[in-house]
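The following exercises ask the reader to work through one protein model step by step. Each task is followed by a worked solution.

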Amino acid sequence: AGSTPNLIVGHVSGATIVGGIKSFSCCVTSGSPADVVGTVASGTDASIEVTGVTTGTANTMLICCDGAADDNNRTVLPTGFTAAFEDAAGGTQNCYIETAGTPDGSVALHYLAQAASGPTGDFVDTQGASDPWTSVLIALQGIPGGKHMQIEDMWLMIDFTAVAGFFPPW
């Protein structure tokens with residue numbers, strides 16, 4: 001039997017640490033779950049460009065990940081995508097935001113099921129102000145037979161005053 005891992009995340013000063021976890025089930029069970037990982041893009045403006053990919057298999061789950069160097073809401077999501085992360089503002093932030101760092105920060109994850117293989121096209125995730133950002137698109141492989149992926153909520157909370165993180169015990 002294994003031991004319980006140390007689940008504490010520490011941060012004393014400097015740039016913000018902010019993160020989130022989303023669980024996707026019904027992905028392939030051997031090898032990499034990624035059908036394709038896109039090119040990492042970056043810039044400094046309000047339009048977070050996400051470079052498209054060409055999927056090689058059907059029934060993928062597109063995962064749009066981005067982060068910004070300020071505590072910006074995501075005001076307009078990429079077309080058709082669902083926000084996986086939401087801070088305390090009840091559906092208006094579409095990301096996790098942290099204001100305790102120097103600089104502040106935000107991370108977003110959006111997902112979209114894509115039934116057919118092929119090119120996705122590029123996407124734009126709009127943030128509330130012009131700040132440095134980085135993005136990447138990942139396509140997860142579905143299992144053969146067309147079974148739909150399941151999305152489960154999991155979360156990570158980082159408390160900067162206590163310098164500790166907490167994961168749910170399940």
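The model examined here is predicted.

**Exercise 1. Locate Val 107 and decide whether it is buried or exposed.**

Step 1. Val 107 has its place in strand S9, which covers residues 105–114.

Step 2. The relative accessible area of Val 107 is 18%. Buried means under 20%, so Val 107 is buried.

Step 3. Val 107 and Arg 74 are 33 residues apart in sequence, and their C-alpha atoms are 9.3 Å apart in space. Arg 74 returns in Exercise 3.

**Exercise 2. Describe the protein as a whole: how many helices and strands are there, and what percentage of the residues count as buried?**

Step 1. The protein has 14 strands and zero helices. The pattern along the sequence is accordingly written β-β-β-β-β-β-β-β-β-β-β-β-β-β.

Step 2. The chain of the protein holds 170 residues, of which 36% count as buried.

Step 3. The exposed surface comes to about 8,800 Å², with 56% of it supplied by carbon and sulfur atoms.

Step 4. Contacts between residues at least 6 apart in sequence are considered next. Of these, 79% join residues at least 24 apart.

**Exercise 3. Find the salt bridges, and state which residues they link in a network.**

Step 1. The general principle comes first. Side chains of opposite charge can pair when their charged atoms come close.

Step 2. A search of the whole structure gives two salt bridges.

Step 3. Another salt bridge joins Arg 74 to Asp 125, at 3.8 Å from N to O. The cut-off is 4 Å, so this distance qualifies. Asp 125 is buried, as is Arg 74.

Step 4. Asp 125 belongs to strand S11 and Arg 74 to strand S6 (residues 74–76), so this pair ties together parts that are 51 residues apart in sequence.

Step 5. Asp 66, Arg 74 and Asp 125 are therefore linked in a network of salt bridges.

**Exercise 4. Examine Asp 131: where is it found, and how far away is the nearest side chain of opposite charge?**

Step 1. Asp 131 is found in strand S11, which spans residues 123–140.

Step 2. The nearest side chain of opposite charge is that of Arg 74, at 8.6 Å. A salt bridge requires a separation within 4 Å. Asp 131 is thus buried but has no salt bridge.

Step 3. The surroundings of Asp 131 can be listed, leaving aside neighbours within four places in sequence. Asp 131 is in contact with Gly 43, Thr 44, Asp 45, Asp 70 and Asn 72.

**Exercise 5. Classify the aromatic pairs: which is edge-to-face and which is stacked?**

Step 1. A pair of aromatic rings is described by the distance of the centres and the angle of the planes.

Step 2. The structure contains two aromatic pairs. Phe 81 and Phe 123 have ring centres 4.8 Å apart and planes at 80°, and this pair is edge-to-face.

Step 3. This pair links distant parts of the chain, 42 residues apart: Phe 81 is in the loop between S6 and strand S7 (82–83), and Phe 123 is in strand S11. Phe 81 and Phe 123 are both buried.

Step 4. Phe 85 and Tyr 96 have ring centres 4.5 Å apart and planes at 10°, and this pair is stacked.

Step 5. Phe 85 lies in the loop between S7 and strand S8 (96–98), and Tyr 96 lies in strand S8, 11 residues apart. Both Phe 85 and Tyr 96 are buried.

Terms used. Residues are numbered from 1 along each chain as its sequence is written. This is a predicted model: local features need pLDDT of at least 70, side-chain atom pairs count only at pLDDT 80 or more; totals for chains, interfaces and linings use all residues. Side-chain values use heavy atoms; hydrogens and water are left out. Helices (H or I, at least four residues) and strands (E, at least two) are DSSP runs, numbered from the N terminus. Buried means under 20% relative accessible area, exposed over 50%, partly exposed in between (1.4 Å probe, protein chains only). Lys and Arg count as positive and Asp and Glu as negative; His and the chain ends are not counted. Contact means heavy atoms within 4.5 Å. Accessible areas come from the Shrake-Rupley method with a 1.4 Å probe; for residues, only the protein chains shown count as cover. Rings of Phe, Tyr and Trp (its six-membered ring) pair if their centres lie within 6.5 Å; planes under 30 degrees apart count as stacked, over 60 as edge-to-face and the rest as tilted.
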